[in-house]
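Student: Could you walk me through this protein model, please? I would like to go piece by piece.

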Amino acid sequence: MSDRVIDLRSDTVTCPDEPMRRAIFEARVGDAGYDDDPSVNELQEYAAFLVGKEKALFMPSGIMGNLVATMTHTRRGESALVGRNAHIYAYEAGGLSAVSGLLPRLLDDSSGCPSPDEIEGAVPEVNVHFAQATLLCLENTHNDCGGVAISPERMAEAAQAGRRKNLAVHLDGARLFNASVYWKIDVKAYTDQADSVQFCLSKGLGAPMGSMLCGSADFIAHAQFNRKRVGGEMREVGFMAAAGLYALRHNIDRLAEDHRMAAFLGKMLRGAGLPVEERECSTNMIYFPLPENSVTGDQFLARLQAAGVLGTTAGPKRIRLVTHMGINDSDVERAADVVAREYAALR
């Protein structure tokens, strides 16, 4: 067995390649707290240009980007419409309520995107008894729903439903470029539908850290205040900004390769008899359930790890595997063999 560990836990495990490391080494830096870091300033300008917004703000993480966005759009005690499977609701440590002070109104996003009727029907009437809804949060690609890339048409329909109810629209686009690459469209087809967008640099794009929060100049001015409030202001962080800038300039188109490898992996696992979830518009994620009367997800992952493959759980008996720039076709083939063998042993 090869000593190489094939890490399919997430695309967050990607590490800088040599050209990105060189960009980090050569970065010009300054105190970003005083807006004096030239690399941060360049990254923010380029990110805003790329998604068609007036301004952008470099954030330490995607979760902080979403948190600051919800704080900036709303006042404490209001409510936000969010999918019950959405990352903002399910996987961000309750920040929507604990920090932003918002009441979540849950939507059916099992298809990856709530319908216009679902959105409009979730907005309460103006009444002293009800926390008023002021924000709609959408996600693309949708992680928990199989990594699906929501079409620009469906995204526009959802956003327009929110606007008809006078809701601000925030797009959690942690993997938004996976969606735009899948549909072969300019990312602005999505971002034009939202008042704000957060996207990650540290997932499939391969940077070591960071996310961008983008919106109007007024929105970003307020967001900068809220970033300070939650401890997200950074200093000589131009080294990491340079990595993010390199990622945006060089690593977007190659996301198609991650999608191809995921499709390859899914095909091999299905061929071996695994019940891989069938999702239209899948990108770089594979999900499959374990047999009902078998081991737990954590126990199954331990077996994979012993054989040199890492994955993660998305529920007690649901397994997720993610392809990224840190693996190749040989890794995918070996991982498929290991996963299929360990799954067959459960029967």
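**Domains, cores and a lysine**

Tutor: The protein chain is split into domain 1 (16–249) and domain 2 (252–343), with bounds that come from an automatic or database domain assignment. This is a predicted model, in which local features need pLDDT of at least 70 and side-chain atom pairs count only at pLDDT 80 or more, while totals for chains, interfaces and linings use all residues. Residues are numbered from 1 along each chain as its sequence is written, and side-chain values use heavy atoms, with hydrogens and water left out.

Student: How far apart are the C-alpha centres of domain 1 and domain 2?

Tutor: Those centres lie 27 Å apart. The contact between the domains, where contact means heavy atoms within 4.5 Å, takes 22 residues from domain 1 and 19 residues from domain 2.

Student: And what area is buried between domain 1 and domain 2?

Tutor: The area is about 1,700 Å², and carbon and sulfur atoms give 56% of it. Buried area here is the accessible area (1.4 Å probe) that two parts lose on being put together, summed over both. On the domain 1 side, Asn178, Val181 and Tyr182 supply 28% of the area that domain 1 buries against domain 2, which is more than any other three residues.

Student: Which residues have the most contacts inside the largest nonpolar core?

Tutor: They are Phe58, Leu81, Phe177, Phe199, Met212 and Leu248, in a core of 57 residues. A nonpolar core is a set of buried Ala, Val, Leu, Ile, Met, Phe, Trp, Tyr and Cys residues joined through side-chain atoms within 4.5 Å, and buried means under 20% relative accessible area, with exposed over 50% and partly exposed in between (1.4 Å probe, protein chains only). Helix α11 (residues 238–250) gives the most to this core, with seven residues; helices (H or I, at least four residues) and strands (E, at least two) are DSSP runs, numbered from the N terminus.

Student: New topic: what does UniProt list for Lys203?

Tutor: The unreviewed UniProt entry lists Lys203 for "modified residue: N6-(pyridoxal phosphate)lysine". UniProt positions are given in the numbering used here, feature names are shortened, and annotations may be inferred rather than shown by experiment.

Student: Where is Lys203 placed, and is it buried or exposed?

Tutor: Lys203 is in the loop between β7 (196–200) and β8 (211–215), and it counts as buried because its relative accessibility is 15%. Setting aside residues up to four places away in sequence, Lys203 touches Asp11, Thr12, Thr14, Ala174 and Arg175.

Student: What about Arg175, which residues does that one touch?

Tutor: With residues up to four places away in sequence again not counted, Arg175 touches Ser10, Asp11, Asn140, Thr141, Asn143, Lys203, Asn284, Met285 and Arg320. Arg175 sits in the loop between β6 (168–172) and α8 (176–183) and is buried, with a relative accessible area of 7%.

Student: What kind of peptide bond joins Asn140 and Thr141?

Tutor: A cis peptide bond joins them, with omega about -5°. Thr141 is in the loop between β5 (133–139) and α7 (152–164).

Student: How many disulfides does the structure hold?

Tutor: It holds zero disulfides, a disulfide being a pair of cysteine sulfur atoms within 2.5 Å. For Cys137, the nearest cysteine sulfur is that of Cys113, 12 Å away, and for Cys281 the nearest is also that of Cys113, 12 Å away.

Student: Are Cys137 and Cys281 buried or exposed?

Tutor: Cys137 counts as buried at 5% relative accessibility, and Cys281 is buried as well, with a relative accessible area of 18%. Cys281 also has a positive phi of about 65° although it is not a glycine, and its place is in the loop between α12 (255–271) and β9 (285–289).
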